[in-house]
Amino acid sequence: MKLDELKTVAVIGAGDMGHGIAQCALMAGYHVNLCDIKQEYVERGINRIFTSLEKLEAKGKIDSGLVAAIKSSGISGYVSIQEAVAEAELIVEAVPEVVEIKRSTLNQISDGCRETSVIATNSSTMSITMLAENVKKPENMVGIHYFNPAVLMKLVEVIRGDKTSDETAEFACAYARKIGKTVVLAKKDTPGFIANRIVAPVVVYNGLCLDQDGFTPEDIDLSMMKNGQKMGPMELADYTGVDVTSACQDYYHEHLSPEYEPSLYAKSLMQRQELGKKTGKGYYVWPQKGRPEIDRTKYTGRYNPDIPNMIQANEACKLWEEGVCTLEECDTAMVLGYNMQGPVDYIQRFEPEELISILNNLAERYQKEIFRPAATIVSGAYKRG
(Lines give C-alpha, C1' and ligand atoms only; values in the text may rest on other atoms or scores of the structure.)
Protein backbone atom coordinates (compact mmCIF):
# COMPACT_ATOMS: atom_id res chain seq x y z
CA MET A 1 0.00 0.00 0.00
CA LYS A 2 1.24 3.46 -1.00
CA LEU A 3 0.00 6.63 0.67
CA ASP A 4 -1.27 8.11 -2.60
CA GLU A 5 -3.62 5.12 -2.93
CA LEU A 6 -5.36 5.96 0.33
CA LYS A 7 -8.86 7.41 0.04
CA THR A 8 -10.91 5.90 2.89
CA VAL A 9 -9.97 5.25 6.50
CA ALA A 10 -12.17 2.97 8.60
CA VAL A 11 -12.02 3.48 12.37
CA ILE A 12 -13.46 0.68 14.47
CA GLY A 13 -14.50 2.09 17.84
CA ALA A 14 -16.11 5.53 18.22
CA GLY A 15 -15.17 6.23 21.84
CA ASP A 16 -12.65 8.61 23.40
CA MET A 17 -9.76 7.52 21.18
CA GLY A 18 -11.67 6.35 18.11
CA HIS A 19 -13.56 9.55 17.42
CA GLY A 20 -10.33 11.56 17.78
CA ILE A 21 -8.47 9.23 15.41
CA ALA A 22 -11.32 9.59 12.93
CA GLN A 23 -11.21 13.39 13.22
CA CYS A 24 -7.47 13.43 12.46
CA ALA A 25 -8.14 11.54 9.21
CA LEU A 26 -11.06 13.80 8.29
CA MET A 27 -9.01 16.96 8.83
CA ALA A 28 -6.35 15.54 6.48
CA GLY A 29 -8.95 15.17 3.74
CA TYR A 30 -9.75 11.45 3.93
CA HIS A 31 -13.21 9.94 3.96
CA VAL A 32 -13.88 8.09 7.22
CA ASN A 33 -16.09 5.11 7.98
CA LEU A 34 -16.73 5.18 11.73
CA CYS A 35 -18.00 1.96 13.28
CA ASP A 36 -19.15 0.84 16.73
CA ILE A 37 -21.38 -1.87 18.20
CA LYS A 38 -24.45 0.38 18.61
CA GLN A 39 -25.87 3.14 16.44
CA GLU A 40 -26.07 5.47 19.44
CA TYR A 41 -22.32 5.08 20.01
CA VAL A 42 -21.62 5.90 16.36
CA GLU A 43 -23.87 8.97 16.47
CA ARG A 44 -22.29 10.15 19.72
CA GLY A 45 -18.82 9.81 18.17
CA ILE A 46 -19.85 11.76 15.06
CA ASN A 47 -21.46 14.48 17.17
CA ARG A 48 -18.28 14.79 19.24
CA ILE A 49 -16.27 15.18 16.03
CA PHE A 50 -18.61 17.88 14.71
CA THR A 51 -18.52 19.75 18.03
CA SER A 52 -14.72 19.67 18.04
CA LEU A 53 -14.54 20.84 14.44
CA GLU A 54 -16.89 23.74 15.20
CA LYS A 55 -14.66 24.83 18.09
CA LEU A 56 -11.58 24.72 15.86
CA GLU A 57 -13.45 26.63 13.16
CA ALA A 58 -14.50 29.31 15.66
CA LYS A 59 -10.85 29.73 16.68
CA GLY A 60 -9.76 30.03 13.06
CA LYS A 61 -7.70 26.83 13.22
CA ILE A 62 -9.55 25.01 10.44
CA ASP A 63 -11.12 26.21 7.21
CA SER A 64 -14.91 26.55 7.29
CA GLY A 65 -15.17 24.98 3.84
CA LEU A 66 -13.47 21.82 5.08
CA VAL A 67 -15.80 21.64 8.08
CA ALA A 68 -18.84 21.97 5.78
CA ALA A 69 -17.48 19.27 3.46
CA ILE A 70 -16.85 16.88 6.34
CA LYS A 71 -20.36 17.41 7.72
CA SER A 72 -22.02 16.90 4.35
CA SER A 73 -20.17 13.87 3.02
CA GLY A 74 -16.88 13.27 4.84
CA ILE A 75 -17.96 10.63 7.34
CA SER A 76 -20.19 7.55 7.25
CA GLY A 77 -21.45 5.62 10.26
CA TYR A 78 -21.68 1.83 10.58
CA VAL A 79 -22.54 -0.85 13.11
CA SER A 80 -21.25 -3.63 10.83
CA ILE A 81 -17.49 -4.06 10.77
CA GLN A 82 -17.58 -5.88 7.44
CA GLU A 83 -19.49 -3.03 5.78
CA ALA A 84 -17.23 -0.39 7.34
CA VAL A 85 -13.98 -1.98 6.13
CA ALA A 86 -15.04 -3.33 2.72
CA GLU A 87 -13.78 -0.33 0.71
CA ALA A 88 -11.21 1.07 3.18
CA GLU A 89 -7.52 1.05 2.35
CA LEU A 90 -6.57 1.69 6.01
CA ILE A 91 -8.43 0.30 9.01
CA VAL A 92 -7.61 1.49 12.53
CA GLU A 93 -8.82 -0.67 15.41
CA ALA A 94 -9.58 1.46 18.47
CA VAL A 95 -11.66 -0.82 20.69
CA PRO A 96 -11.14 -1.29 24.47
CA GLU A 97 -7.76 -2.56 25.69
CA VAL A 98 -9.05 -6.10 26.31
CA VAL A 99 -7.31 -8.94 24.48
CA GLU A 100 -10.48 -10.92 23.70
CA ILE A 101 -12.26 -7.86 22.27
CA LYS A 102 -9.27 -6.95 20.12
CA ARG A 103 -8.85 -10.51 18.84
CA SER A 104 -12.52 -10.76 17.83
CA THR A 105 -12.50 -7.31 16.22
CA LEU A 106 -9.35 -7.99 14.22
CA ASN A 107 -10.76 -11.31 13.00
CA GLN A 108 -13.84 -9.52 11.69
CA ILE A 109 -11.75 -6.75 10.11
CA SER A 110 -9.51 -9.28 8.35
CA ASP A 111 -12.51 -11.25 7.05
CA GLY A 112 -14.13 -8.14 5.60
CA CYS A 113 -11.30 -6.02 4.19
CA ARG A 114 -9.32 -6.13 0.97
CA GLU A 115 -6.17 -8.25 0.86
CA THR A 116 -4.08 -5.13 0.27
CA SER A 117 -5.56 -3.05 3.11
CA VAL A 118 -3.35 -2.01 6.02
CA ILE A 119 -4.74 -2.97 9.42
CA ALA A 120 -3.54 -0.88 12.36
CA THR A 121 -4.17 -1.21 16.05
CA ASN A 122 -4.21 1.74 18.44
CA SER A 123 -3.26 -0.52 21.35
CA SER A 124 -1.14 1.28 23.92
CA THR A 125 0.57 -1.81 25.36
CA MET A 126 -0.26 -5.08 23.61
CA SER A 127 2.07 -7.03 21.37
CA ILE A 128 1.50 -6.22 17.69
CA THR A 129 2.90 -9.66 16.87
CA MET A 130 0.32 -11.34 19.11
CA LEU A 131 -2.56 -9.28 17.74
CA ALA A 132 -1.42 -9.97 14.16
CA GLU A 133 -2.12 -13.67 14.76
CA ASN A 134 -5.78 -12.73 14.25
CA VAL A 135 -5.45 -11.39 10.70
CA LYS A 136 -4.90 -13.25 7.45
CA LYS A 137 -1.95 -11.14 6.30
CA PRO A 138 0.19 -10.23 9.34
CA GLU A 139 2.65 -8.45 7.04
CA ASN A 140 -0.09 -5.81 6.56
CA MET A 141 -0.60 -5.32 10.32
CA VAL A 142 1.09 -2.49 12.24
CA GLY A 143 0.72 -0.48 15.43
CA ILE A 144 -0.32 3.17 15.06
CA HIS A 145 -0.55 4.41 18.62
CA TYR A 146 -2.10 7.84 19.20
CA PHE A 147 -2.05 9.76 22.46
CA ASN A 148 -5.12 11.22 24.15
CA PRO A 149 -6.61 13.57 23.01
CA ALA A 150 -5.67 12.34 19.55
CA VAL A 151 -6.53 15.58 17.73
CA LEU A 152 -4.30 17.73 19.95
CA MET A 153 -1.40 15.44 20.81
CA LYS A 154 1.42 15.59 18.27
CA LEU A 155 2.99 12.18 18.92
CA VAL A 156 2.23 8.95 17.10
CA GLU A 157 4.18 5.76 17.76
CA VAL A 158 4.42 3.36 14.84
CA ILE A 159 5.22 -0.17 16.00
CA ARG A 160 6.50 -3.04 13.89
CA GLY A 161 5.32 -6.54 14.68
CA ASP A 162 7.63 -9.46 13.95
CA LYS A 163 5.96 -9.95 10.55
CA THR A 164 5.18 -6.33 9.64
CA SER A 165 6.58 -5.62 6.17
CA ASP A 166 8.86 -2.68 5.41
CA GLU A 167 6.19 -1.32 3.05
CA THR A 168 3.52 -1.41 5.77
CA ALA A 169 5.77 0.28 8.33
CA GLU A 170 6.73 2.97 5.80
CA PHE A 171 3.07 3.53 4.89
CA ALA A 172 2.10 3.92 8.56
CA CYS A 173 4.88 6.47 9.16
CA ALA A 174 3.95 8.40 6.03
CA TYR A 175 0.27 8.43 6.98
CA ALA A 176 0.98 9.67 10.50
CA ARG A 177 3.10 12.51 9.10
CA LYS A 178 0.39 13.32 6.53
CA ILE A 179 -2.14 13.93 9.32
CA GLY A 180 0.31 16.26 11.04
CA LYS A 181 1.93 14.03 13.65
CA THR A 182 5.54 13.55 14.73
CA VAL A 183 6.47 9.88 14.42
CA VAL A 184 8.70 7.70 16.55
CA LEU A 185 9.22 4.17 15.23
CA ALA A 186 9.49 1.16 17.51
CA LYS A 187 11.61 -1.15 15.39
CA LYS A 188 10.92 -4.08 17.71
CA ASP A 189 7.67 -5.16 19.34
CA THR A 190 7.92 -4.75 23.11
CA PRO A 191 5.25 -4.29 25.83
CA GLY A 192 4.27 -0.63 26.15
CA PHE A 193 6.30 0.28 23.03
CA ILE A 194 8.20 3.51 23.81
CA ALA A 195 6.49 6.24 25.87
CA ASN A 196 4.22 4.02 27.95
CA ARG A 197 7.06 1.56 28.54
CA ILE A 198 9.26 4.39 29.82
CA VAL A 199 6.53 5.50 32.23
CA ALA A 200 5.59 1.99 33.44
CA PRO A 201 8.23 1.57 36.21
CA VAL A 202 7.40 5.07 37.51
CA VAL A 203 3.78 3.96 37.93
CA VAL A 204 5.15 1.16 40.11
CA TYR A 205 7.34 3.59 42.04
CA ASN A 206 4.48 6.03 42.67
CA GLY A 207 2.30 3.16 43.88
CA LEU A 208 5.01 2.17 46.36
CA CYS A 209 5.22 5.78 47.54
CA LEU A 210 1.48 5.67 48.27
CA ASP A 211 1.35 2.14 49.70
CA GLN A 212 4.54 2.06 51.76
CA ASP A 213 5.84 5.60 52.27
CA GLY A 214 2.68 7.49 53.20
CA PHE A 215 2.76 9.98 50.33
CA THR A 216 -0.50 11.50 49.11
CA PRO A 217 -1.46 11.91 45.44
CA GLU A 218 -1.34 15.67 46.02
CA ASP A 219 2.23 15.60 47.31
CA ILE A 220 3.41 13.58 44.30
CA ASP A 221 1.61 15.76 41.76
CA LEU A 222 2.54 19.09 43.29
CA SER A 223 6.19 18.07 43.44
CA MET A 224 6.19 17.12 39.76
CA MET A 225 4.28 20.25 38.74
CA LYS A 226 6.72 22.46 40.66
CA ASN A 227 9.40 20.70 38.62
CA GLY A 228 7.77 21.80 35.36
CA GLN A 229 5.29 19.00 34.58
CA LYS A 230 1.94 20.38 33.37
CA MET A 231 -0.13 17.60 34.92
CA GLY A 232 1.01 15.35 37.76
CA PRO A 233 1.08 11.56 37.31
CA MET A 234 -1.82 10.85 39.67
CA GLU A 235 -4.10 13.39 37.99
CA LEU A 236 -3.01 11.95 34.64
CA ALA A 237 -3.98 8.47 35.84
CA ASP A 238 -7.42 9.84 36.73
CA TYR A 239 -7.70 11.57 33.36
CA THR A 240 -6.73 8.41 31.48
CA GLY A 241 -8.77 6.15 33.76
CA VAL A 242 -7.55 4.21 36.79
CA ASP A 243 -8.93 1.07 35.15
CA VAL A 244 -6.99 1.75 31.94
CA THR A 245 -3.71 2.34 33.78
CA SER A 246 -4.27 -0.76 35.94
CA ALA A 247 -5.04 -2.88 32.87
CA CYS A 248 -1.73 -1.76 31.36
CA GLN A 249 0.11 -2.69 34.57
CA ASP A 250 -1.63 -6.07 34.56
CA TYR A 251 -0.37 -6.62 31.01
CA TYR A 252 3.19 -5.68 31.98
CA HIS A 253 2.86 -7.91 35.05
CA GLU A 254 2.07 -10.86 32.77
CA HIS A 255 4.33 -10.12 29.80
CA LEU A 256 7.26 -8.05 31.12
CA SER A 257 7.84 -8.70 34.84
CA PRO A 258 5.72 -9.77 37.84
CA GLU A 259 7.01 -6.60 39.54
CA TYR A 260 4.56 -4.46 37.53
CA GLU A 261 1.53 -5.44 39.60
CA PRO A 262 -0.86 -2.49 40.26
CA SER A 263 -0.55 -0.79 43.65
CA LEU A 264 -2.84 -1.57 46.58
CA TYR A 265 -4.08 2.01 46.34
CA ALA A 266 -5.09 1.54 42.70
CA LYS A 267 -6.72 -1.81 43.47
CA SER A 268 -8.81 -0.20 46.21
CA LEU A 269 -9.99 2.49 43.79
CA MET A 270 -10.89 -0.21 41.27
CA GLN A 271 -12.90 -2.12 43.87
CA ARG A 272 -14.91 1.02 44.65
CA GLN A 273 -15.29 1.81 40.93
CA GLU A 274 -13.60 5.17 41.53
CA LEU A 275 -11.96 5.27 38.13
CA GLY A 276 -11.09 8.95 37.83
CA LYS A 277 -12.60 11.59 35.57
CA LYS A 278 -15.09 9.22 33.93
CA THR A 279 -16.74 8.37 37.28
CA GLY A 280 -16.21 11.75 38.95
CA LYS A 281 -13.79 10.39 41.53
CA GLY A 282 -10.47 8.58 41.59
CA TYR A 283 -7.30 9.87 43.19
CA TYR A 284 -9.20 13.20 43.15
CA VAL A 285 -12.77 14.44 43.01
CA TRP A 286 -13.49 15.70 39.49
CA PRO A 287 -15.87 18.54 38.64
CA GLN A 288 -18.22 18.18 35.65
CA LYS A 289 -15.95 20.51 33.71
CA GLY A 290 -12.27 21.31 34.07
CA ARG A 291 -9.61 19.80 36.33
CA PRO A 292 -9.78 18.82 40.00
CA GLU A 293 -8.78 21.19 42.78
CA ILE A 294 -5.49 19.94 44.22
CA ASP A 295 -5.03 20.77 47.91
CA ARG A 296 -1.73 22.64 47.99
CA THR A 297 -1.51 22.34 51.78
CA LYS A 298 -0.64 18.66 51.27
CA TYR A 299 2.66 19.54 49.59
CA THR A 300 5.60 18.53 51.82
CA GLY A 301 8.52 18.47 49.38
CA ARG A 302 9.37 14.91 50.46
CA TYR A 303 8.77 13.51 46.98
CA ASN A 304 11.95 14.03 44.95
CA PRO A 305 11.09 14.71 41.25
CA ASP A 306 14.60 13.69 40.19
CA ILE A 307 13.86 10.06 41.03
CA PRO A 308 11.00 9.40 38.58
CA ASN A 309 13.02 11.10 35.86
CA MET A 310 15.97 8.84 36.64
CA ILE A 311 13.72 5.77 36.53
CA GLN A 312 12.34 6.86 33.16
CA ALA A 313 15.80 7.51 31.75
CA ASN A 314 16.88 4.08 32.96
CA GLU A 315 13.99 2.45 31.11
CA ALA A 316 14.76 4.49 27.99
CA CYS A 317 18.32 3.13 28.11
CA LYS A 318 16.94 -0.41 28.26
CA LEU A 319 14.85 0.24 25.12
CA TRP A 320 17.95 1.49 23.32
CA GLU A 321 19.91 -1.57 24.41
CA GLU A 322 17.08 -3.80 23.14
CA GLY A 323 17.21 -2.12 19.72
CA VAL A 324 13.68 -0.71 19.96
CA CYS A 325 14.59 2.93 19.28
CA THR A 326 17.23 5.59 19.90
CA LEU A 327 17.69 7.60 23.09
CA GLU A 328 16.69 10.70 21.11
CA GLU A 329 13.43 9.04 20.07
CA CYS A 330 12.78 8.18 23.71
CA ASP A 331 13.09 11.86 24.61
CA THR A 332 10.86 12.90 21.70
CA ALA A 333 8.21 10.40 22.81
CA MET A 334 8.13 11.77 26.34
CA VAL A 335 8.18 15.44 25.31
CA LEU A 336 5.29 15.04 22.84
CA GLY A 337 3.42 12.13 24.43
CA TYR A 338 3.56 13.19 28.09
CA ASN A 339 4.40 16.92 27.91
CA MET A 340 7.51 16.51 30.05
CA GLN A 341 11.23 16.95 29.60
CA GLY A 342 12.95 14.09 27.85
CA PRO A 343 14.32 11.79 30.59
CA VAL A 344 17.69 11.19 28.94
CA ASP A 345 18.09 14.93 28.52
CA TYR A 346 17.09 15.34 32.19
CA ILE A 347 19.83 13.06 33.53
CA GLN A 348 22.65 14.79 31.68
CA ARG A 349 23.19 16.79 34.88
CA PHE A 350 23.98 13.61 36.87
CA GLU A 351 27.13 11.52 36.88
CA PRO A 352 26.83 7.73 36.47
CA GLU A 353 27.93 7.04 40.07
CA GLU A 354 25.01 9.04 41.49
CA LEU A 355 22.45 7.40 39.19
CA ILE A 356 23.82 3.92 39.92
CA SER A 357 23.66 4.51 43.67
CA ILE A 358 20.09 5.86 43.64
CA LEU A 359 18.72 3.18 41.32
CA ASN A 360 20.38 0.35 43.25
CA ASN A 361 19.03 1.76 46.51
CA LEU A 362 15.51 1.79 45.05
CA ALA A 363 15.87 -1.80 43.88
CA GLU A 364 17.00 -2.94 47.31
CA ARG A 365 14.58 -0.84 49.36
CA TYR A 366 11.50 -1.96 47.44
CA GLN A 367 12.80 -5.37 46.32
CA LYS A 368 12.16 -4.47 42.68
CA GLU A 369 14.77 -5.48 40.11
CA ILE A 370 13.07 -3.29 37.49
CA PHE A 371 14.83 -0.31 39.12
CA ARG A 372 18.36 -1.72 38.64
CA PRO A 373 20.58 0.51 36.47
CA ALA A 374 20.87 -0.39 32.79
CA ALA A 375 24.28 -1.05 31.25
CA THR A 376 24.09 2.32 29.49
CA ILE A 377 23.80 4.06 32.87
CA VAL A 378 26.61 2.03 34.39
CA SER A 379 28.96 2.75 31.49
CA GLY A 380 28.01 6.42 31.26
CA ALA A 381 27.12 5.99 27.58
CA TYR A 382 23.97 8.09 28.08
CA LYS A 383 26.19 11.22 28.33
CA ARG A 384 26.02 13.62 25.37
CA GLY A 385 28.68 15.92 24.04
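Analyst: Happy to! Helix 1 (residues 16–27) and helix 2 have axes that come within 9 Å and cross at roughly 50 degrees. Helix 1 is therefore oblique to helix 2 (angles under 35 degrees count as roughly parallel, over 145 as roughly antiparallel, 65 to 115 as roughly perpendicular, and the rest as oblique). The crossing is right-handed, meaning that the near helix is turned clockwise from the far one by less than a right angle, with anticlockwise giving left-handed. On the helix 1 side, Asp16, His19, Ala22, Gln23, Leu26 and Met27 meet Gly45, Arg48, Ile49, Ser52, Leu53 and Leu56 of helix 2. By class, this contact has 6 nonpolar, 4 polar and 2 charged residues.

A quick word on the ground rules: this is a predicted model, in which local features need pLDDT of at least 70 and side-chain atom pairs count only at pLDDT 80 or more, while totals for chains, interfaces and linings use all residues. Residues are numbered from 1 along each chain as its sequence is written, and side-chain values use heavy atoms, with hydrogens and water left out. Helices (H or I, at least four residues) and strands (E, at least two) are DSSP runs numbered from the N terminus. Axes are lines fitted to C-alpha atoms, for helices over the stretch in contact, and angles run from 0 to 180 degrees between N-to-C directions. Contact means heavy atoms within 4.5 Å. Ala, Val, Leu, Ile, Met, Phe, Trp, Tyr, Cys and Pro count as nonpolar, Asp, Glu, Lys and Arg as charged, and the others, Gly among them, as polar.

Staying with helix 2 (residues 39–58), we find glutamate 57 there. Glutamate 57 is partly exposed at 29% relative accessibility (buried is under 20% relative accessible area, exposed over 50%, partly exposed in between, with a 1.4 Å probe and protein chains only). Neighbours within four places in sequence aside, glutamate 57 touches Ile62, Ser64 and Val67.

Gln312, Ala316, Cys317, Leu319 and Trp320 of helix 13 make the contact with Leu327, Cys330 and Met334 of helix 14. Those residues divide into 7 nonpolar, 1 polar and no charged.

The loop between helix 14 and helix 15 (343–346) holds asparagine 339. This asparagine has a phi near 55 degrees, a positive value in a residue other than glycine, and asparagine 339 is partly exposed, with a relative accessible area of 38%. Glutamine 367 also has a positive phi, about 55 degrees, although it is not a glycine. Its place is the loop between helix 16 (352–366) and helix 17 (375–379), and at 63% relative accessibility glutamine 367 counts as exposed. As background, most residues other than glycine have a negative phi, and most peptide bonds are trans. On the peptide-bond side, the link from asparagine 148 to proline 149 is cis, with omega near 0 degrees; proline 149 sits in the loop between strand 6 (141–146) and strand 7 (155–159).

Helix 8 (residues 195–211) packs with helix 11 (residues 242–255) at about 95 degrees, their axes 11 Å apart, so helix 8 is roughly perpendicular to helix 11. Here Asn196, Arg197, Ala200, Val203 and Val204 of helix 8 touch Thr245, Gln249 and Tyr252 of helix 11, a set of 4 nonpolar, 3 polar and 1 charged. Helix 9 (residues 217–226) is mostly covered, with 8 of its 10 residues buried. Its buried residues pack against helix 8, helix 10 (233–240), helix 12 (264–271) and helix 13 (306–321).

Finally, the core. Among the 85 residues of the largest nonpolar core, Ile12, Ile91, Ile194, Tyr205, Tyr283, Ile347 and Phe371 touch the most other members (a nonpolar core is a set of buried Ala, Val, Leu, Ile, Met, Phe, Trp, Tyr and Cys residues joined through side-chain atoms within 4.5 Å). Helix 8 gives this core its largest share, 10 residues. Beyond neighbours within four places in sequence, isoleucine 347 contacts Asn309, Met310, Ala313, Leu355, Ile377 and Tyr382. A second, separate core of 42 residues includes Met1, Val11, Tyr30 and Ala150.
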